[in-house]
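Please find my notes on the model below. They are set out as numbered points, to be read beside the structure.

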Amino acid sequence: MVSFAFVPVFEWLAFKVIWSTRLAPARHGRQWSDAVEAFLDGNRPWLVWLVVAMAVFAVVPPRAVGPWVRLAAISTIVPMAWSLRTDVRFFRSVLSRSARAAIADALMFRALAWTAGIAYFLGTAIGARLGL
Amino acid sequence: MTARGVIAIGALAIGIAAGTLIDRPIRRPPLMLGGYRVIAADFHTHSSTRSGGGLTPWGLVLEAERQGLDAISINGHQQVRDAKVGAWFSRTFGGPTVLVGQEIVAPTQHVIAIGIRSVVDPRLPVAEQADAIHRQGGAAIAAHPISRFWPGYDGDALQKLDGAEICHPIVYGGKKTQRELEDFSARGSFAAIGSSDAHGFGRIGVCRTYVFARDDSPDAIVEAVRARRTVVYGAGGNPYGDPALIALAANVPGLKAAATTDAPAGPIDWLSRISGVIGLALLVANRRRPA
């Protein structure tokens with residue numbers, strides 16, 4: 001939990017950037033706290049994926065986890081696609097964005113949050129590759 | 001709170017309580033063989049502070065006790081902070097010996113340093129990394145030296161490395177990987193090392209090194225590794241290491257069993273796992289959808 005707490009932190013920050021910039025004209029009096037809570041509900045697909053992964057790793061013995069880790073990595077395509085759909089629907093239905101703007105909002109959010117998260121998580125390895 | 005929420009929290013509480021009850025430290029009296037103290041060690045673990053691990057440094061110490069380990073090294077990626085916190089925790093509250101370590105991450109290879117005090121520059125060639133480690137009184141171990149990492153080790157490096165991982169969880173993915181680790185080990189005179197490289201999946205001590213040391217201090221453990229006094233049981237239970245020590249270790253069947261088998265889960269263990277999963281599943285299903 002401590003290790004991966006950076007995920008919701010970067011998500012919160014990325015949504016704050018989008019809220020302050022792209023979504024300023026779309027707020028319609030909606031409060032930031034309500035908006036961020038509603039938006040982060042888009043993490044539900046990942047929570048479902050985590051519960052399924054937990055159930056699998058609760059029964060697979062430690063020496064047999066190898067193939068299951070690969071399968072778990074490949075299966076992340078499902079929550080990735082599902083959460084993208086959820087976020088686009090959020091921007092369209094809650095913030096009344098057009099279809100094109102909603103997709104752009106969702107992609108911009110991912111560009112910010114995922115870049116920050118990957119840089120933080122892999123920063124050490126990336127730094128080594130860059131000779132830093 | 002809804003009925004489903006109450007059930008979810010109840011299931012989680014049962015899972016946590018059962019898991020806490022069943023997770024007892026495994027404490028054995030010190031094992032002496034051939035005049036040496038046999039230390040069950042895991043020299044490659046990662047904690048949660050920017051090393052991608054699932055456990056905090058103190059969590060690793062507590063988990064090491066539960067896995068029957070006498071010593072661990074905590075190896076931050078390019079940092080030694082976590083390890084120092086873990087070592088302090090173990091000294092203060094009691095627990096396995098914690099060696100301060102680092103995983104020196106470079107594009108061409110990874111090297112595990114154990115028994116060090118400060119960070120080793122990953123931009124150095126491996127031979128110079130080993131020199132820097134030795135100047136600090138530590139030992140240098142080739143981490144998961146599968147074939148794609150071999151170009152990182154030149155002749156000088158092979159001379160100066162103290163150990164090489166010959167058992168790592170990747171060997172359970174196929175015989176080819178075990179052969180690659182064996183082929184690397186044959187290129188030098190290395191202490192056989194078994195390590196979990198634990199990040200969160202799997203468990204620490206799933207691969208382990210039996211070190212034949214004078215005592216359980218960090219200096220004695222490093223000295224034993226540098227003297228190649230280790231035994232490792234790989235996939236299938238194959239032994240690696242000093243032949244004389246392998247013969248000694250064969251007289252204690254529990255050593256091989258602890259290194260090669262997963263203890264079967266008992267009923268309380270299953271209760272903990274099933275309750276925990278059900279509790280979290282219900283919590284996720286019960287989350288109130290904001291308007």
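**Notes on the predicted model**

1. B:Ile112 sits in strand E5 of chain B, which covers residues 110-114. Helices (H or I, at least four residues) and strands (E, at least two) are DSSP runs, numbered from the N terminus. With a relative accessibility of 0%, B:Ile112 is buried; buried means under 20% relative accessible area, exposed over 50%, and partly exposed in between (1.4 Å probe, protein chains only).

2. This is a predicted model, in which local features need pLDDT of at least 70 and side-chain atom pairs count only at pLDDT 80 or more, while totals for chains, interfaces and linings use all residues. Residues are numbered from 1 along each chain as its sequence is written, chains are lettered from A and ligands numbered from 1 in the order in which they are written, and side-chain values use heavy atoms, with hydrogens and water left out.

3. On confidence, the model scores ipTM 0.79 and pTM 0.86. Chain B has an average pLDDT of 92, and 98% of its residues score at least 70; pLDDT is the predictor's confidence in each residue, from 0 to 100.

4. What does B:Ile112 touch, beyond its neighbours within four places in sequence? Its contacts (heavy atoms within 4.5 Å) include B:Phe43, B:His44, B:Asn75, B:Ala139, B:Ile141 and B:Glu165. B:Gly163 lies 51 residues from B:Ile112 in sequence, with 9.2 Å between the C-alpha atoms.

5. The largest nonpolar core holds 55 residues, and B:Ile133, B:Tyr153, B:Leu161 and B:Phe184 are among those with the most contacts inside it. Helix H4 of chain B (residues 126-135) gives the most to this core, namely four residues. Such a core is a set of buried Ala, Val, Leu, Ile, Met, Phe, Trp, Tyr and Cys residues joined through side-chain atoms within 4.5 Å. Leaving aside neighbours within four places in sequence, B:Tyr153 is in contact with B:Leu161 and B:Phe184, and its other partners include B:Val111, B:Val126 and B:Arg187.

6. Between the chains, helix H3 of chain A (residues 44-59) packs against helix H10 of chain B (residues 267-286) at about 170°, with the axes 10 Å apart. Axes are lines fitted to C-alpha atoms, for helices over the stretch in contact, and angles run from 0 to 180 degrees between N-to-C directions. H3(A) is therefore roughly antiparallel to H10(B), a term for angles over 145 degrees. The residues of this contact divide into 13 nonpolar, one polar and two charged. Here Ala, Val, Leu, Ile, Met, Phe, Trp, Tyr, Cys and Pro count as nonpolar, Asp, Glu, Lys and Arg as charged, and the others, Gly among them, as polar. Among the residues that meet are A:Leu47, A:Val51 and A:Met54 in H3(A), and B:Trp270, B:Val277 and B:Leu280 in H10(B).

7. Within chain A, H3(A) also meets helix H4 (residues 66-75): the axes come within 11 Å and cross at roughly 170°. A:Trp49, A:Val56 and A:Phe57 in H3(A) meet A:Trp68, A:Val69, A:Ala72 and A:Ser75 in H4(A). That contact has six nonpolar, one polar and no charged residues.

8. Chain A has six helices and zero strands. Of its 132 residues, 36% count as buried. A:Leu84, in helix H5 (residues 77-93) of chain A, is partly exposed, with a relative accessible area of 30%. Not counting residues up to four places away in sequence, A:Leu84 touches A:Ala106, A:Leu107 and A:Arg110.

Key: Parallel < 35°, antiparallel > 145°, perpendicular 65-115°, else oblique.
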